[in-house]
Amino acid sequence: MSAGQRTENGVRPWVRAAMRCGAVLAAAALSLPLATAAYAAPEPTPTITVAAGADPLADAKTTLGPMLDRLHQLYQEAEAATEQYNAAVARQAAQQQQVADLRARVASQQAAVNAGVDIAAQLAAAQYRSGRASDLADFMLAENPYQAVVIAQLLDAAGRSQKAFLDRLKADRATLVELQAQAEQSLVQVTALATQQEAAKADVAKRLAAVEDMVGSLTGAQRGELEELERRQADEAQLAFLASGALGKGERTPSEAGRRAVAWALKQLGKDYVWGGAGPDVFDCSGLTSQAWLNAGKPIPRTSQEQWAQLKHVPLNQIRPGDLVVYFGGATHIGMYIGGGLIVQAPHTGDVVKVSKIGAMPILGAVRPDPDAGADDKGGGWKVPQVTVGPPRIAPSKPTTVPPRPSNPAPGNQTPPPSTGTPSGTGAPSGSGTPSGSGTPSGSGTPSGSGTPSGTPGAGSPSPTATEAASRSASAPASASPSAL
């Protein structure tokens, strides 16, 4: 056997040498500095895999979920305060109209009493001279037809019986006194409503200030995350609502007025939400729905609570476009159904009129402004409008669309309520963002309007001169009464 073929312990020498060389090379490689790794191929970027059923926004929900819940609560509180303000404005406008009507009746009754007093005096003089009433014919030359009719009746009574004439005059006097008392009471109620309106306005200011403080404290990134979280929550709520079958199946045909109301509401898309707004350029939730139906030829109450209380309730599975969907337990929000599981609404401060999913908020129920109107079959089957669902929007309001922040006067220095019968006229929002007594909503993108569901000015506040005139009217009969009374 040759030397190259000899083995040591059964292993050939060259194999043992190769093994030694491999071990040395391996040790050298391990001892190299880390910097040499720069020449190695880059490692692939690790991919984040989400397990089935996991929520990519779980962290955001944990950190921002309570913040979003709080923001929603502030929005609801601000809108509830706004609806209370709208109700106070509507009540005051109605009371002012009653004052105006009573004032007109007082004036007419005062004219009748004055005419009767004059006739009584002339009658007494004529009877003293001749015992006849025929010389009173010249009293038929009255200033207006109403007064001529009244005087004619009085003369007829005088011709039949002086006692009947005096009884008629006393009855007119009693009616006048009653009307004057009603007018004075109405003025007192207007004053009380003005005070309530001011209190409601201050509550709105406080709620909106809380919203603005919270929204203003958020960074742009936080607002974006909150908006995405809100979108996800709205999608989940809509899916759950549709899956429940509460909406029913198929598209129902609206009434003719319902078609007009939907078309008008959709023309307002993109206009700012502003508390107390009832158009033409700004709206709150009930301002949009009330104006839409007013323009469709059907006036409805101004506030969401009154719309819920006074309009006919319909099951959700019978809802048709144009019907109104009421939200939250206190009926503090409202939108208009347009079909396809969508509503058009004025959502909250900082947002705009937009299309939203019907199930995104807790539904209280639905109401129909025109329950006696049948489906407009002549107009054809309803086709859901081709509109884009508006994305969530969390942003500060425009400075001119929020009321001044409420002041905190020291105890004992509070401003007393008005002492006169004339409202201050500072209740409704104005073009400067400071509530005023203007009648219709302005076109400046700021809150305006009397809060009534019409676009025309309501009855104005009774002026001091009108109040003084009523007082003078109340005292006039006593000074002009003949001795016969």
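In the predicted model, helix α6 passes helix α7 in a right-handed crossing, a crossing being right-handed if the near helix is turned clockwise from the far one by less than a right angle, and left-handed if anticlockwise. Helices (H or I, at least four residues) and strands (E, at least two) are taken as DSSP runs and numbered from the N terminus. Residues are numbered from 1 along each chain as its sequence is written. Because this is a predicted model, local features need pLDDT of at least 70 and side-chain atom pairs count only at pLDDT 80 or more, while totals for chains, interfaces and linings use all residues, and side-chain values use heavy atoms, with hydrogens and water left out.

Two packed helices are described by the angle between their axes and the distance between the axes. The axes of α6 (residues 256–266) and α7 (residues 285–295) come within 8 Å and cross at roughly 130°, where axes are lines fitted to C-alpha atoms, for helices over the stretch in contact, and angles run from 0 to 180 degrees between N-to-C directions. The two helices are therefore oblique to each other, since angles under 35 degrees count as roughly parallel, over 145 as roughly antiparallel, 65 to 115 as roughly perpendicular and the rest as oblique.

On the α6 side, Ala257, Gly258, Ala261, Trp264 and Ala265 meet Leu288, Gln291, Ala292, Trp293 and Asn295 of α7, contact meaning heavy atoms within 4.5 Å. By class, this contact has seven nonpolar, three polar and no charged residues, with Ala, Val, Leu, Ile, Met, Phe, Trp, Tyr, Cys and Pro counted as nonpolar, Asp, Glu, Lys and Arg as charged, and the others, Gly among them, as polar.

Several backbone features occur in loops. The peptide bond from Gly279 to Pro280 is cis, with omega near 0°, and Pro280 is found between β1 (272–273) and β2. In the loop between β4 (324–327) and β5, Phe328 has a positive phi of about 70° although it is not a glycine, and Phe328 is buried at a relative accessible area of 16%. Ala331, in the loop between β4 and β5, likewise has a positive phi, of about 55°, and counts as buried at 3% relative accessibility.

Note on methods
Buried < 20%, exposed > 50% of the residue type's maximum accessible area, 1.4 Å probe, protein only.
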